[in-house]
Amino acid sequence: MAEVREVILNYVKNEYLEEDDDREVGYDTPLISGGIVDSFSMVSLKRFLETRYKIQIPDAKATPEAFDTVNNIVALLKDFNVQ
Amino acid sequence: MAFPDAIRELYRAELGNIRESGIFKEERIICAPQNSEIEVEFPAGAERKRVINMCANNYLGLSSHPEVVEAARKGLDFRGYGMSSVRFICGTQDIHKELEQKLTRFLGTEDTILFPSCMDANAGVFEALLTEQDVMIADRLVHASIVDGMRLCKAQTDTYKHSDMGHLEEKLQLHSGARIKMIITDGAFSMDGDLAKLDQIVELAERYGALVFVDDSHASGFIGKTGRGTHEHCHVMGRIDIITTTLGKALGGASGGCVSGRRELVELCRQKARPYLFSNTIPPVVVSGANAVIDLISKTTERRDKLERNTTFWRKGLTDAGLIIKEGETPIVPVMLFNAKLSQDFARELYAEGIYAVGFFFPVVPKGQARIRTQLSAAHEMHHLEKALAAFIKVGRKFDILHKTKQEIIDRFGM
């Protein structure tokens with residue numbers, strides 16, 4: 001899962017941080033509660049995961065908690081057998 | 001029992017949490033008409049104080065203008081107090097149609113439909129026009145009411161980085177298979193005071209066959225050479241598909257909003273938009289006042305020109321004084337303080353100096369981006385601005401932040 005973790009972290013950095021945003025983002029950085037990803041923009045993250053890993057994440061599972069850190073997202077993806 | 005103690009405690013605890021987290025909203029009680037100088041009771045029960053208002057959306061100073069007030073009075077006299085119903089049943093008067101036509105001419109569009117507010121316009125427009133086969137691609141800093149409207153719509157959603165045209169183009173390519181792609185942006189962004197790059201957005205939209213939606217609430221009446229809005233400023237009049245805007249800021253300041261744009265899109269809003277179908281019509285008093293506002297600003301650009309001069313003076317004054325402001329050209333001028341507590345303390349000190357301005361901090365703006373948002377008005381005279389500037393300099397000196405860099409302020413006060 002190390003590669004998956006890295007892919008998601010890079011996506012978050014590229015997609016959500018502005019060029020002049022020098023915040024450190026790691027695997028356990030709170031993304032939603034920390035104000036990096038708002039719950040609306042989270043939709044694009046869900047879409048990215050679904051497209052990249054060819055899965056369908058039900059809305060009930062796409063909670064702000066499940067998407068709050070890269071590690072939480074990786075844990076969620078395990079439920080969908082993403083390796 | 002209708003409201004058991006346990007439930008009351010639940011809500012009290014929530015209110016307590018809001019207070020503890022420092023984001024409890026306190027209203028300042030204004031005991032005068034909206035103007036450049038107002039009489040304020042703050043906190044509630046305190047002695048009233050006359051202060052200079054540096055944070056109203058009353059950009060053109062028309063919310064208490066005698067001609068507007070008189071027109072509103074006539075509306076009350078000749079068309080009554082309220083419509084008692086929704087538009088399509090028994091709530092459309094001749095003055096409503098007159099205002100829609102005037103707004104269409106002013107904005108340079110094909111047709112216009114009124115809503116009780118721009119928030120209602122934004123709540124109704126997307127669901128009326130888009131389906132599951134379509135996609136909405138929004139700037140990440142769009143107003144909360146647009147986000148709410150998009151949530152009510154079944155179309156797919158995506159966002160692009162604020163004013164990042166490269167990122168927007170990537171998103172347009174990603175969604176090339178959608179039936180309709182709609183690019184969604186504010187014309188002027190209310191927190192930073194910057195303008196959307198509408199010329200580039202329209203070019204991208206035309207290249208990728210997308211529609212363009214602009215909320216021009218913080219621009220209608222004063223941005224652009226004749227105050228038509230950001231589409232005039234960016235030389236793309238006639239090329240924006242949907243404009244929503246408010247009558248509640250520069251255009252009179254009472255309430256009301258509209259969707260203006262392509263004829264078919266406006267007509268579809270008339271058929272399907274839920275706030276239009278299920279909410280009472282704007283009262284005649286407001287419509288009559290708004291009609292007078294459009295007449296006033298169509299006759300002369302005097303007020304928007306004065307606002308521009310005030311804005312130039314204010315932006316230069318703050319910059320020369322060594323305060324950090326967000327660059328731009330709109331009368332929304334945020335003074336950056338970065339630290340939430342500092343923004344609150346600064347606003348309190350300003351109030352003591354006779355200046356009414358409010359500190360903004362997370363979650364209204366991102367963490368570490370706390371600020372005092374000042375807003376200019378055509379109602380401000382030079383002596384108001386000189387006094388306000390002197391107060392900002394005095395308070396800035398007190399906190400020792402003049403001519404300091406962002407990093408120096410953060411090092412001292414924290415994020």
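## A buried serine in a strand

Leaving aside neighbours within four places in sequence, Ser260(B) is in contact (heavy atoms within 4.5 Å) with Thr104(B), Leu107(B), Thr109(B), Asp111(B), Thr112(B), Asp241(B), Ile242(B), Ile243(B) and Val266(B). This is a predicted model, in which local features need pLDDT of at least 70, side-chain atom pairs count only at pLDDT 80 or more, and totals for chains, interfaces and linings use all residues. Residues are numbered from 1 along each chain as its sequence is written, chains are lettered from A and ligands numbered from 1 in the order in which they are written, and side-chain values use heavy atoms, with hydrogens and water left out.

Where does Ser260(B) sit? Its place is strand β10 (residues 257-261) of chain B; helices (H or I, at least four residues) and strands (E, at least two) are DSSP runs, numbered from the N terminus. Ser260(B) counts as buried because its relative accessibility is 0% (buried means under 20% relative accessible area, exposed over 50%, partly exposed in between, with a 1.4 Å probe and protein chains only). A polar atom of the Ser260(B) side chain lies 3.3 Å from the backbone oxygen of Asp111(B).

## A buried histidine in a loop

His218(B) belongs to the loop between β8 (211-215) and α9 (230-233) of chain B. Is His218(B) buried or exposed? With 8% relative accessibility, it counts as buried.

The side chains of His218(B) and Tyr59(B) make a polar contact at 2.7 Å. That term means a pair of N or O atoms within 3.5 Å; within protein, one must be able to donate a hydrogen and the other to accept it, and residues adjacent in sequence count only if both atoms are side-chain atoms. Not counting residues up to four places away in sequence, His218(B) also touches others, including Asn57(B), Ala188(B), Lys249(B) and Gln375(B).

## Two helix pairs

Two packed helices are described by the angle between their axes and the distance between the axes. In chain A, the axes of α1 (residues 2-16) and α2 (residues 42-53) come within 11 Å and cross at roughly 140°. The two helices, α1(A) and α2(A), are therefore oblique to each other (under 35 degrees counts as roughly parallel, over 145 as roughly antiparallel, 65 to 115 as roughly perpendicular and the rest as oblique).

From α14(B), the contact is made by Phe346(B), Glu349(B) and Leu350(B), while α15(B) brings residues including Ala391(B), Phe392(B) and Val395(B).

## Backbone details in loops

Here are some backbone features to find in chain B. The peptide bond from Phe42(B) to Pro43(B) is cis, with omega near -5°, and Pro43(B) lies in the loop between β2 (37-41) and β3 (49-53).

Ser84(B) is a residue other than glycine with a positive phi, near 60°. Its loop runs between α2 (66-79) and α3 (87-90) of chain B, and Ser84(B) counts as exposed at 68% relative accessibility. His403(B) has a phi near 60° too, again a positive value in a residue other than glycine. Look for His403(B) in the loop between α15 and α16 (406-413) of chain B, where it is exposed, with a relative accessible area of 58%.

Definitions and conventions
Axes are lines fitted to C-alpha atoms, for helices over the stretch in contact, and angles run from 0 to 180 degrees between N-to-C directions.
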